[in-house]
Amino acid sequence: LGATRQALSPDGKKVAFVRLAADDSGAGEHALGWGVYDTTTGKTLNLIDKSVPRPGENGFELTFTGGSRYLLTDYAPAASTGDREHKLVAWDVRTGTSRLLEPPGNYWIPEAVPDPSAISWTRDNKVFRIPVDADGKAGVMLSTVALEHDVVSASFGPDGRAFAYFGGKLT
């Protein structure tokens with residue numbers, strides 16, 4: 001697939017990957033965006049953020065959520081120098097459309113959270129969720145829950161109700 005980072009959808013039907021191209025010098029590679037390969041059709045959907053023609057690979061996250069319909073990507077422009085330039089985007093892998101979940105500006109890089117019934121992510125000690133209906137369409141309501149610790153890693157169970165995380169001291 002020509003990728004350095006990949007993610008398999010929970011339903012096992014899609015593989016997301018970072019799309020790479022050779023640098024002008026021919027000595028290295030740079031990211032162009034993402035691809036989502038459908039294992040049932042053999043087709044690849046290319047995802048491109050036109051506002052960031054060369055996303056940097058530092059901090060890339062690729063996580064499927066919302067019952068395999070959405071791919072969450074966390075990235076910044078290739079020339080960025082810090083965490084404050086990262087943004088979190090949810091891509092609808094049926095249509096190729098994107099939804100900005102968090103714009104650049106925060107210091108703590110968001111962490112995508114696998115969740116079968118919502119688009120979910122964490123930042124600091126908060127968990128954010130946008131519900132997904134039975135057809136897989138994301139709603140507009142955003143819920144936020146504050147936890148006792150900063151979240152290092154988290155996941156929802158297969159039913160979307162159980163939640164586990166490990167974290168550290170609030171700073």
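This is a predicted model: local features need pLDDT of at least 70, side-chain atom pairs count only at pLDDT 80 or more; totals for chains, interfaces and linings use all residues.

Student: How many helices and strands does the protein chain have?
Tutor: There are 0 helices and 14 strands; strands are DSSP runs of E with at least two residues, helices runs of H or I with at least four, numbered from the N terminus.

Student: And what share counts as buried?
Tutor: Of the 171 residues, 41% do. Buried means under 20% relative accessible area with a 1.4 Å probe, counting protein chains only.

Student: Which residues touch the most other members of the largest nonpolar core?
Tutor: W34, V36, F64, L71 and W91, out of 16 residues. Such a core is a set of buried Ala, Val, Leu, Ile, Met, Phe, Trp, Tyr and Cys residues joined through side-chain atoms within 4.5 Å. Elements giving two or more residues to this core include β3 (29–38) and β7 (87–92). A second, separate core has 12 residues, among them Y70 and I119.

Student: New topic: what order do the strands take in the open sheet?
Tutor: The order is β9-β10-β11-β12, with antiparallel pairing; two strands pair if DSSP finds at least two bridges between them.

Student: Why is one side of β9 and of β12 left without a neighbour?
Tutor: β9 (111–113) and β12 (143–146) stand at the edges, so each has a single partner strand.

Student: Which residue is the bridge partner of F128?
Tutor: T144, in β12. Strand β11 (residues 126–131) pairs with β12 over 4 bridges.

Methods:
Residues are numbered from 1 along each chain as its sequence is written. Side-chain values use heavy atoms; hydrogens and water are left out. Buried means under 20% relative accessible area, exposed over 50%, partly exposed in between (1.4 Å probe, protein chains only).
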